Amino acid sequence: MGSGLTVAVFGAYGHTGRFVVAELLDRGFVPVLSGRDAGTLASMAASGPGLDVRPASADDPDALDRALAGAAAVVNCAGPFATTAAPLVEAALRAGIPYLDVAAEIEANVDTFGRFADRAREAGAVVVPAMAFFGGLGDLLVTAAMGDWTAADEVHVAYGLSSWHATAGTHAAGRVSRQRRNGRRVRFAGGRLEYVDGRSPTLEWAFPEPMGRRAVIGEFTMADVVTVPSHLAVPDVRTYMTVEAVRDLTAPDTPAPTAVDARGRSDQTFLVDVVVRSGGAERRAVASGQDIYAITAPLAVEAVERILTGRTRAVGVVSAGAVFDAPDFLRALSAHLSFELHGESVGRRA
Ligand SMILES: NC(=O)c1ccc[n+]([C@@H]2O[C@H](COP(=O)([O-])OP(=O)(O)OC[C@H]3O[C@@H](n4cnc5c(N)ncnc54)[C@H](OP(=O)(O)O)[C@@H]3O)[C@@H](O)[C@H]2O)c1
């Protein structure tokens, strides 16, 4: 694994970046630490085994080129991605290496598909936005649940988070997205993103036991509404979030995540319940694990490893479900994630 290949991590000293660096080291890659603060990069490197530090600001193409020199791939963990994604994709295209990011911002992900689809395809490059818990995992689960279906009527992704102690980066990304939406909220219906006024509905979702029926915020729209329709013909993609998690996210006094184990994970647990419907039939996939920031690292690094070993199905700007063998990818993460595919049933669950 890893084969000593160098992988640049931009935003290496952020909460998620640190998980990605640790996962790269675990798998035998050589991470290069990059980001805009030379001092923080240096102190991070001093605490580890001789890591290479290459400071770069997103608005300095020469510094970005130096940061990516000799790297086999780059993982961008520096958000808001409205600012960092385009310059880092440009740098990756100049370097001729794959680009992955962990962007949860819907509009930033739309921009990455819109701005770079043609150029990345023509260059034979692989650009994977949202290769993370939100956007990536949901898309892999939807793709796995679809099985041999290439189209469906509806996709539902219900997030059962026990809590959500968000990082500064998550809050900053939320602020940027809210500004871009001008007070409205976004959903994916009728085959397109639409911006609507008013509050999101509160409803109940029947998660698998032992979680069971829980109150969720409907139209709590996450990056899956970009990744899933990028490669599957589904007119309606809806995402839901447990009310406890939304309350944590929006409360002014919720603390940042605190590590409870040696890997730095918090005690947050997640269950992602995906239901796809076509005609009268329903298929389902479920994943569960611990800490949405921590799980982003094995998702992103498994993706890096598959790209660098040619286990891909597409080039261009691609989502996880489009470029990887989704069930195989999810099973490969069994050390980090429980994953179950449920056979087809007829009729709807309540
Ligand atoms: N899709 C998902 O499921 C998922 C999962 C995890 C994280 N994320 C996203 O990833 C981003 C980072 O999250 P985090 O938890 O790691 O937050 P964090 O701990 O606050 O780290 C944010 C990192 O981004 C860097 N950064 C911010 N703006 C930058 C800019 N303009 N140029 C260069 N670096 C910049 C920060 O550097 P400074 O300290 O120098 O500002 C820091 O290293 C957020 O946008 C978050 O939403 C998404």
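**The second largest pocket**

By class, I find seven nonpolar, two polar and four charged residues in the lining of the second largest pocket, where Ala, Val, Leu, Ile, Met, Phe, Trp, Tyr, Cys and Pro count as nonpolar, Asp, Glu, Lys and Arg as charged, and the others, Gly among them, as polar. The model is predicted, with pLDDT of at least 70 needed for local features and 80 or more for side-chain atom pairs, while totals for chains, interfaces and linings use all residues. Residues are numbered from 1 along each chain as its sequence is written, and side-chain values use heavy atoms, without hydrogens and water.

I read about 210 Å³ of space in this pocket. A pocket here is an open set of points on a 1 Å grid over the protein atoms alone, where a 1.4 Å probe fits, with protein on both sides within 12 Å along at least five of seven lines, and lining residues have an atom within 4 Å of a point. Of its 13 lining residues, Phe-19, Ala-22, Glu-23, Asp-26 and Arg-263 are the closest to the centre.

I note that α1 gives the largest share of the lining, five residues.

**Helices α6 and α10**

I looked up how α6 (residues 133-146) packs on α10, and the angle is about 60° with the axes 10 Å apart; axes are lines fitted to C-alpha atoms over the stretch in contact, and angles run from 0 to 180 degrees between N-to-C directions. Phe-133, Phe-134, Leu-137 and Leu-140 in α6 meet Ile-292, Ile-295, Thr-296 and Leu-299 in α10, contact meaning heavy atoms within 4.5 Å. This contact has seven nonpolar, one polar and no charged residues.

Definitions and conventions: Grid points are joined across faces, edges and corners, and a volume is the space filled by probe spheres set on the points. Helices (H or I, at least four residues) and strands (E, at least two) are DSSP runs, numbered from the N terminus.
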